[in-house]
Amino acid sequence: MTDAPITSVDQRAMQDAEMGEQRSLWGDVWRQFRRHTGALLGVAVFVFIVLAVALGPFIHTVDPQHLDIVNKNQGPSWAHPMGTDNLGRDMFAQVLAGGQVSLAVGVAAMLISLMIGTLVGVLAGYFKVMDGALMRLTDLFLALPILPLLLVIILLFRDTLRKAIGPEAGIFLLIVFVIGITSWMQTARIVRGDVLSLKEREFVLAARSIGTRSWRIILRHILPNVLSPIMVSATLGVANAIITESALSFLGLGFPPDFPTWGRLLYDGANFMQLSPDRVLWPGLAISLTVLSVNFMGDGLRDALDPRQRGRK
Amino acid sequence: MLRYTIRRLLLAIPTLLFISFVIFAILDLAPNDPTGQLPLTIPAEVREKIRESLGLGEPFFIRYLKWLEQFFINEPLNILDQAFGIQIGNAEERLRITSWATRSPIVDLIIERTPQTLMVVGLSYVVAILIALPIGIISAYRQYSWFDQFGTFFSMVGFSIPTFFTGLVCIIVFSVYLGWFPSIYDTTHKVTDWDSFVFQIRQMIMPVMVLALFNAAQLSRFMRASMLDNLNQDYVRTARAKGMKERAVLLIHVLRNSLIPVITVIALGVPQIFGGAIITEQIFRVNGLGQLLIIGIQGADIPLVQTLTFIFAILIVLFNLIADILYGILDPRIRYD
């Protein structure tokens with residue numbers, strides 16, 4: 001950390017020479033981030049998974065829902081790189097299609113939880129009047145048993161929403177929404193703590209003294225400074241949302257079988273575990289690798305965004 | 001300390017009332033018909049009778065208050081009656097919370113299921129603590145050594161891979177290919193002699209280890225961070241300077257202080273193991289509380305789900321309180337009053 005080996009100082013000097021004297025905050029963050037091998041690997045794996053899921057269906061052009069009952073329960077082959085399931089559907093195409101849904105759920109739920117968390121955190125930290133009430137609300141949400149409640153909400157509202165918006169959009173919106181509104185509490189707490197200390201700093205006082213309105217102070221001076229904890233919670237939020245969605249699907253209360261996610265594929269595969277164990281392996285591996293890479297990215301980001309770790313002189 | 005405890009206990013009452021209201025409202029206001037699963041041939045007036053017999057004729061708030069009365073007054077009185085063999089008031093007239101699916105009192109169902117959950121899930125938590133503490137201590141003491149690197153990686157992996165995947169992989173490897181352990185947990189199995197004891201151990205190994213590894217991954221990171229915080233403190237240097245053995249410095253001075261935050265984390269995790277066990281119990285077919293909840297949810301057994309979810313909430317509030325109080329007792333620098 002502070003007693004960094006000489007080589008890294010040399011390296012930094014060299015980089016400085018190359019880049020001139022310009023060193024932005026994000027340049028520093030990136031330089032620190034690059035030293036974290038795990039984080040770099042995480043980025044590589046995550047980008048690979050995202051690209052595979054996004055572009056894969058254009059290369060492997062097999063319809064994931066195409067039934068081919070003659071070729072059921074096959075092992076890996078050139079035509080079906082991950083084999084086929086008990087109805088002869090191509091597993092590779094299903095894993096790719098499931099990945100699109102799983103990743104979309106992860107990112108969308110993370111965005112909702114970040115928005116609520118940031119809003120609650122900033123309001124509670126900046127406006128003293130709301131602090132007590134909002135933090136009590138956060139505590140109440142933290143005391144809710146999340147997984148049982150999620151299961152119950154999905155069970156009860158699934159059919160109604162399916163009728164209202166359609167089977168796929170309905171369940172997608174429901175799952176994203178319930179994961180989002182039950183996972184914002186940590187973000188809110190961290191943001192509130194940071195806002196509380198930022199609010200007392202001179203630059204905020206200066207802004208206020210020239211008559212800047214509260215919402216402008218929040219947007220221009222407070223929010224950019226709490227960006228780093230928000231970014232770290234964003235990565236953890238994606239990982240958490242993907243795991244929660246898979247857990248729900250795994251318990252049979254997530255996405256329907258004709259609109260599979262990785263969790264749903266795992267759930268369906270579990271019944272054929274003895275016959276074709278790779279049906280469990282591939283979706284499970286996809287979930288684990290995604291979550292692992294996202295967590296490593298979050299770890300590296302936390303180190304890189306921490307000024308004490310960055311070792312600036 | 002006592003004043004603080006009493007204040008927190010009093011504060012827990014509105015919290016729990018609010019949570020009970022949320023749980024009740026979500027389940028009650030949902031567009032869901034408890035007679036929806038019955039055959040379509042049942043005529044509408046009979047359907048209405050069934051709804052009334054389930055207690056659905058009353059307005060929402062009456063039902064909420066009745067449920068509260070049953071949960072907080074009737075059921076505890078019943079437990080007291082049974083425990084001491086006495087009669088408080090009119091026990092026959094007392095309305096109990098009954099499950100719609102089995103028509104039996106829910107508390108009885110819960111009492112029936114609790115031992116399995118405690119046995120598997122509780123043991124896994126103990127195993128997790130036993131694994132996590134040494135890993136955390138050694139990782140922190142030899143920071144950046146290969147052991148530390150490996151430990152950090154291990155905890156990252158354990159923390160990222162969901163239990164429903166590790167559980168299934170364990171079943172494939174150890175039950176399907178190697179045939180060492182049974183994949184289904186047999187709850188009717190009774191331990192009478194050595195052989196049945198060995199069987200019990202064999203069927204418990206997989207669920208316990210899967211859950212333990214997941215919990216150990218998180219705890220070991222906390223332990224490591226907490227040890228690192230303490231290892232750089234002045235009192236450690238003092239202890240070394242006055243010539244204490246390294247072993248004593250580490251295991252008496254540093255460990256004791258580092259355990260304070262870890263113990264609160266452990267206390268906070270206890271309610272989560274009940275909730276988190278839902279998935280593990282489902283994989284290994286342990287018929288504990290988690291599976292009871294899943295059965296209730298699948299069968300739309302609203303009273304059962306309400307009661308179980310609320311019990312989970314009580315556990316969370318209670319262990320939050322316990323964690324805070326433990327923190328105050330263990331660390332004399334922390335004063336709540």
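Predicted model: local features only at pLDDT ≥ 70, side-chain atom pairs only at ≥ 80, totals over all residues.
Local features are given only at pLDDT of at least 70 and side-chain atom pairs count only at pLDDT 80 or more, while totals for chains, interfaces and linings use all residues. Residues are numbered from 1 along each chain as its sequence is written, and chains are lettered from A and ligands numbered from 1 in the order in which they are written.

**Figure 1. Chain A is built from 14 helices and zero strands.**
Helices (H or I, at least four residues) and strands (E, at least two) are DSSP runs, numbered from the N terminus. From the N terminus on, the order of elements is α-α-α-α-α-α-α-α-α-α-α-α-α-α. Of the 313 residues in chain A, 41% are buried. A residue is buried if 20 or more other C-beta atoms lie within 10 Å of its own, exposed if 12 or fewer, and partly exposed in between, with C-beta atoms placed from the backbone. Among contacts in chain A with a separation of 6 or more, 69% join residues 24 or more positions apart. Two residues are in contact if their C-beta atoms, placed from the backbone, lie within 7 Å.

**Figure 2. Gly106(A) sits in helix 4 of chain A.**
Gly106(A) counts as buried because 26 other C-beta atoms lie within 10 Å. Leaving aside residues up to four places away in sequence, Gly106(A) touches Val238(A), Ala241(A) and Ile242(A). Gly106(A) and Val238(A) are 132 residues apart along the chain, yet their C-alpha atoms are separated by 4.8 Å.

**Figure 3. Helix 4 and helix 5 (residues 128–142) of chain A cross at roughly 145°.**
The two axes come within 7 Å, and the crossing is left-handed. Axes are lines fitted to C-alpha atoms, for helices over the stretch in contact, and angles run from 0 to 180 degrees between N-to-C directions. A crossing is left-handed if the near helix is turned anticlockwise from the far one by less than a right angle, and right-handed if clockwise. Helix 4 of chain A contributes Val120(A), Leu123(A) and Ala124(A), which meet Met130(A), Asp131(A), Leu134(A), Met135(A) and Thr138(A) of helix 5. By class, this contact has six nonpolar residues, one polar and one charged. Ala, Val, Leu, Ile, Met, Phe, Trp, Tyr, Cys and Pro count as nonpolar, Asp, Glu, Lys and Arg as charged, and the others, Gly among them, as polar.

**Figure 4. Met185(A) lies in helix 8 (residues 185–199) of chain A.**
With 22 other C-beta atoms within 10 Å, Met185(A) is buried. Not counting residues up to four places away in sequence, Met185(A) touches Thr138(A), Phe141(A) and Leu142(A). Pro277(A) is 92 residues from Met185(A) in sequence and 38 Å from it in space, C-alpha to C-alpha.

**Figure 5. Chain A meets chain B through 32 residues of chain A and 36 residues of chain B.**
On the chain A side, helix 6 (146–165), helix 11 (227–250), helix 12 (262–270) and helix 13 (278–305) each supply at least two residues. Helix 6 of chain A gives the most, with 10 residues. The chain A side holds 26 nonpolar residues, six polar and no charged.

**Figure 6. Helix 12 of chain A is mostly covered, with eight of its nine residues buried.**
The buried residues are Trp262(A), Gly263(A), Arg264(A), Leu265(A), Leu266(A), Tyr267(A), Asp268(A) and Gly269(A). They pack against helix 4 (91–126), helix 11 and helix 13 of chain A, together with helix 6 (163–177) of chain B.

**Figure 7. Helix 7 (residues 194–231) of chain B has a kink of about 35° at Ile205(B).**
The kink lies shortly before the proline Pro207(B). The bend at a residue is the angle between axes fitted to the seven residues ending there and the seven starting there. Helix 7 of chain B spans only 46 Å between its end C-alpha atoms, whereas a straight helix of 38 residues would span 56 Å at 1.5 Å a residue. The expected span is 1.5 Å times one less than the number of residues.

**Figure 8. Helix 4 (residues 106–141) and helix 7 of chain B cross at roughly 35°.**
Their axes come within 5 Å, and the crossing is right-handed. The residues of this contact divide into 24 nonpolar, five polar and one charged.
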